[in-house]
Amino acid sequence: MYFDTHAHLDDEAFDADREELIGSFAEVGVGRIINASSDMPSSYATVSLCEKYDFIYGAVGIHPEAADRMESGDIEKIAELTKKKNIVAIGETGLDYYWDSVPREVQQKAFREHCALARELNLPIVVHDREAHRDCLDILKEFPGIRAVYHCFSGSVEYARELSKLGFYFSFGGAVTFKNAKAAPEVLRNLPREQVMLETDCPYMAPVPFRGKRNHPGYVPHIAAKIAEIWGISPEEVGRITTENALRFFNIK
Ligand code: NI
């Protein structure tokens, strides 16, 4: 069984066929999904998906690229949403210095508020770190004991080791299948397997041979196959290990 730990099924890219598509994942062995929210409307949509489907879990929060739309009171609303069915994490949150579309101080303030909430509620946090490695880690270190997963991990082996020592997890998606992917396979070879999970980040980042097309959780087996090659084990074994990791990390019974 495969667990897609980072999907955006509330995205408008799925408006035309969401229900039909969600019904097709079991056939390819994808049995559980975490839907990651990107802003407040997306957090409410995530709660709805979790209410409708027992195998969909949710992270609620505001993405760094939407941090400038965060209003006072939103963090309290997010705290309320964590009480809903199958909501198991805060996120996605973090820092994005690649697009730099939102002032860095605004992103950092929002990230800190999400971290504080995650620690207060003892929930794991889903972190988006794009070209903001140092600041991201510095902020997380202000919250000792926080449990974080770096999604779509794009850092070096050295950075991965540093995060791994803090007990953080990593999720890998379609990028590991790209021909020019160099860092991720190297990181995967050097990380404890107990800290690795699978993700799609759909509708973005479709794995080869679907690169450039709409991504969805049904493509997770293609990512598992690539990791299986890197680890020298079977895709089923990758599915088993990464699913166990996800159940443990998100505290799902
Ligand atoms: Ni995402």
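This is a predicted model: local features need pLDDT of at least 70, side-chain atom pairs count only at pLDDT 80 or more; totals for chains, interfaces and linings use all residues.
Where does methionine 205 lie? Methionine 205 is found in the loop between S8 and H8.

The phi angle of methionine 205 is near 60°, a positive value in a residue that is not glycine. With a relative accessibility of 27%, methionine 205 counts as partly exposed.

Proline 203 is in the loop between S8 and H8, and a cis peptide bond with omega of about 15° joins cysteine 202 to proline 203. Proline 209 also lies in the loop between S8 and H8; the bond that joins valine 208 and proline 209 is cis, with omega about 10°.

## The nickel site

Four residues coordinate the nickel ion: His6 and His8, each through NE2, Glu92 through OE and Asp201 through OD, at 2.0 to 2.3 Å. The angles among the four donor atoms run from 84 to 175°, and the site is irregular.

Along the sequence, the donor residues follow the spacing H-x1-H-x83-E-x108-D. Glutamate 92 and aspartate 201 are both buried.

## Strand S2 and its partners

Strand S2 covers residues 30–36, and six of its seven residues are buried, so S2 is largely enclosed by the rest of the structure. S2 pairs with strand S1 (residues 2–7) in the parallel sense, over four bridges. In this pairing, valine 30 of S2 stands opposite tyrosine 2.

S2 is also joined to strand S3 (residues 56–60) by four bridges, and these two strands run parallel. Isoleucine 34 has tyrosine 57 in S3 as its bridge partner. Between S2 and S3 the chain passes through helix H2 (residues 40–52), forming a right-handed β-α-β crossover.

Serine 42 is part of helix H2. Its relative accessibility is 5%, so serine 42 counts as buried. Apart from neighbours within four places in sequence, serine 42 is in contact with Asp10, Ala36 and Ser37.

## Cysteines without disulfides

How many disulfides does the structure hold? The structure holds zero disulfides. For cysteine 136, the nearest cysteine sulfur belongs to cysteine 115 and is 8.0 Å away. Cysteine 136 counts as buried because its relative accessibility is 0%.

Cysteine 152 is partly exposed, with a relative accessible area of 23%.

## A positive phi at glutamate 131

Glutamate 131 is located in the loop between strand S5 (125–130) and helix H5 (133–141). Although glutamate 131 is not a glycine, its phi is positive, at about 55°. Is glutamate 131 buried or exposed? Its relative accessibility is 54%, so glutamate 131 counts as exposed.

Methods. Residues are numbered from 1 along each chain as its sequence is written. Side-chain values use heavy atoms; hydrogens and water are left out. Donors are N, O and S atoms within 2.8 Å of the metal (3.2 Å for Na, K and Ca); water is not among the atoms, so sites may look incomplete. Four donors count as tetrahedral if all angles lie between 85 and 135 degrees; four count as square planar and six as octahedral if opposite donors are over 155 degrees apart and all others between 65 and 115; anything else is irregular. Buried means under 20% relative accessible area, exposed over 50%, partly exposed in between (1.4 Å probe, protein chains only). Two strands pair if DSSP finds at least two bridges between them. A crossover is right-handed if, with the strands pointing away from the viewer, the path from the first strand over the helix to the second runs clockwise. A disulfide is a pair of cysteine sulfur atoms within 2.5 Å. Contact means heavy atoms within 4.5 Å.
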